[in-house]
Structure formats: C-alpha cells, structure tokens
Amino acid sequence: MRFKKDQLIFGTSKSGVIHYNEETKQASLYLARNPNGEFRDVAMFGQNVCGMVSGDNGVIDETMNSSATAIVEDKGVFYDDLVRYKNGLILLGDPVNGHFFLKSAPISLGSATYFIHLPTIENQPNEACYAASGTTAQLVGKSDYVFVSGGKESARFHRFDLRDSSTYFVRDLPMVKGEGAGPFSVCFTDATHGVVVGGNYLQPKDTTGTCVYTEDGGKTWL
C-alpha cells in the first residue's frame, strides 16, 4: 500500500490494484487482475503505478496514460518485494540457482537503458524471503537497500549501497527460525534506527523471537 495525499493505492489478490480516494469515498481500478498471480506490492511515480505480481511467473504491470502494460516478466521467479529507486525499480525474489533474485528494471519502456550493478547474494539452505506486502525490503536514505530473509536454520538482515554493491554486509538476527518462520518485515526510520518483525505464521500465538531492533544501521540487533 502507498499513500498519495488523501489517496490510497493497494494491490489485492482477486481484484487487481485499487485506487481509493478518502475524500470522495470513491474507488476505481488502476490495474486489472493478472492471471499470473496476486498483486503483492506497488510503487508510485507521478500519476502512474507499478504493480508487482507474485506467482509462478513474476510480472510488473505499469499504468501509462490510463492503459496497462507488462514492462517486466521473469518466468519461474516468485517476486517478494518492489522498491523504487530514482528512475527504476529494484526487484527482490526467491532464490534462483542458489542466489537471491535481485534485478534492476526501468520504470517505463522509454528508459530501457536503466541498469544498476547488484551484488550476487547466496542463500543458505531452505532460505528465502517472504512477500510481506511490500515490507520485506526498503530503501534507506537515498541509496541504501535493505532486506530480510529466513528459513529452517536462518534469519538474516542484508544491507548494501545501490551505488556501490561492494558495501554489502549481512547479519544473523536473533529471531525464531523454522519452517514458516523467520523475519517478515523491516522498517528503518533513519540510517541507523530500524526494526525487524516476524515470527511463525503456523504458530501465531507464539511471540518468542518475533521482534528485534538496531541502533547502528543493522550491524548489531537486540
């Protein structure tokens, strides 16, 4: 979900991407339902919207001049998060061939030369990300990219500068691990202060190891 003044844009599993005006109480359809899967995240740029479809194939649909166009498609990739960066998008997906899926893509077809060098990040056994409605990854400040991942034996925080992928670092999180468990969402209020929440969705009443915070940009977590 993203707010724009008094308006709300959100993706749904059945209807598509909806635009809701809180002042007029009117709703309209921005992007129609995509047969590839569910809309799990959106990114705003001016009057246009990019919607992230998660399913058997990852798809980014974009509204341009009241019409919708599929601007990105990755067959066999499950998208987890969509972040806007300058004139492009950073896509995060479940691992492919032992590495997290990370890709830069143009916002519109007219800027197809857009490219950012992203690091190659290996996943641990049975480790992936959760498509937590646009909260699995975040742009911190002007260029720092962070995301969280988890699995049967892992709960991790990742961070790097989009201008220099050699700045990448990873930290283990003192959170619950296991099937259906781990860190789901990350939120930083500034460059150094952040929180990660998660848990085990198979045991929703268990609050052990479900929230940690940092005061040094993610180098240490409590």
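Me: Is Asp144 buried or exposed in this model?

Reply: Asp144 is buried, at a relative accessible area of 18%; the cut-off for buried is under 20%. Keep in mind that we're looking at a predicted model.

Me: And which residue does Asp144 form a salt bridge with?

Reply: For a salt bridge, look for a Lys or Arg side-chain nitrogen within 4 Å of an Asp or Glu carboxyl oxygen. Here the partner is Arg159, with the closest N and O atoms 2.8 Å apart. Asp144 sits in strand β14 (residues 144–151) and Arg159 in strand β15 (residues 155–161), so this pair ties together parts 15 residues apart in sequence. Arg159 is buried too, at 8% relative accessible area.

Me: How many salt bridges are there by this rule?

Reply: The count is six. Among them is Asp74 with Lys103, at 3.0 Å from N to O. Asp74 belongs to strand β8 (residues 67–75) and Lys103 to strand β11 (residues 99–106), so that pair links parts 29 residues apart in sequence. Asp74 counts as buried at 13%, while Lys103 is partly exposed at 26%. Another one is Arg40 with Glu38, at 2.9 Å; Arg40 is partly exposed at 26%, and so is Glu38, at 30%.

Me: Zooming out, how many helices and strands does the chain have?

Reply: Zero helices and 19 strands. The radius of gyration is 17 Å, close to the 17 Å from the globule rule for 222 residues, so the chain is as compact as a globular protein of that length.

Me: What share of the residues counts as buried?

Reply: That's 51% of the 222 residues.

Technical notes: Residues are numbered from 1 along each chain as its sequence is written. This is a predicted model: local features need pLDDT of at least 70, side-chain atom pairs count only at pLDDT 80 or more; totals for chains, interfaces and linings use all residues. Side-chain values use heavy atoms; hydrogens and water are left out. Helices (H or I, at least four residues) and strands (E, at least two) are DSSP runs, numbered from the N terminus. The radius of gyration is taken over C-alpha atoms; the globule rule is 2.2 Å times the number of residues to the power 0.38. Buried means under 20% relative accessible area, exposed over 50%, partly exposed in between (1.4 Å probe, protein chains only).
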